Amino acid sequence: MRAPTACLADRFGGRLGFLGLALAYSILVIACLASLADEGELTMGRNPLPNLIKTAGEFARPSFLDVWFGQQHLEYHSDDGTLLRVENRPEVELDYLAGVGRATWTTVRIATLGSLLGALLALPFSGHGGHRCRAQRRGGASAGILQRRLAGCAATVRFQPPLPVGVQHP
């Protein structure tokens, strides 16, 4: 019985397989575009180029600078000139940054407590395999573990533990 990955490699391997996968992907892309066009979702919206230029200009300057340099009385108007709202940019940006700080602190708290919970839940499993490992006084914990692991392989490989510094092999 051959492994499933070997069967897939035989079926889709080589240039012909790559061509088949590329063709299937192309059909999927065309189906996605056709369904979006059928729903009328491929339009560029109103004034696509001016909107793109305006958006690029807004992204060119970081918004956190408005805390110090923002307008105190910024007016937003609709396309027909109607006043939509007036805002104080330093105040609005400071509130936004405070919200980002609170959300970041919440994320750090959740991640820290989640890591602690994961470590506590792993403790019973760590004791299961760790009861066999005892550190030797001479060589430290890692040397003792390594010596016991290699001693278990003595049937296949003869292991000679390292000698202390300055002692020659007999």
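Predicted model: local features only at pLDDT ≥ 70, side-chain atom pairs only at ≥ 80, totals over all residues.
**Exercise 1.** Find how many helices and strands the protein has, and the pattern they follow along the sequence.

*Solution.* Start with the count: the protein has six helices and two strands. Next, read along the sequence, where the pattern is α-α-α-α-β-β-α-α.

**Exercise 2.** Decide whether Glu87 is buried or exposed, and describe its surroundings.

*Solution.* Then apply the cut-off: buried means under 20% relative accessible area. Glu87 has 12% relative accessibility, so it counts as buried. Now look at its partners. Leaving aside residues up to four places away in sequence, Glu87 touches Gln71, Gln72, His73, Leu74, Tyr76 and Val92. Finally, the side chains of Glu87 and Arg89 are joined by a polar contact of 2.9 Å.

**Exercise 3.** Work out what share of the residues is buried, and which residues make a nonpolar surface patch.

*Solution.* Begin with the whole protein: of its 170 residues, 6% are buried. Then pick out the patch: Tyr25, Leu28, Val29, Leu33, Leu36 and Leu42 make a nonpolar one of about 560 Å². To locate one of these residues, find helix α2 (residues 14–38), which holds Leu28.

How values were computed: Residues numbered from 1 in each chain as written. Heavy atoms only, no water. Helix = DSSP H or I, 4+ residues; strand = E, 2+ residues; numbered from the N terminus. Buried < 20%, exposed > 50% of the residue type's maximum accessible area, 1.4 Å probe, protein only. Patch = residues over 30% accessible without salt bridge, like charges linked within 9 Å, V, L, I, M, F, W, Y side chains within 5 Å. Areas by Shrake-Rupley, 256 points an atom, 1.4 Å probe, with all protein chains shown as cover. Salt bridge = Lys/Arg side-chain N within 4 Å of Asp/Glu carboxyl O. Polar contact = N/O pair within 3.5 Å; in protein donor to acceptor, adjacent residues only side chain to side chain. Contact = heavy atoms within 4.5 Å.
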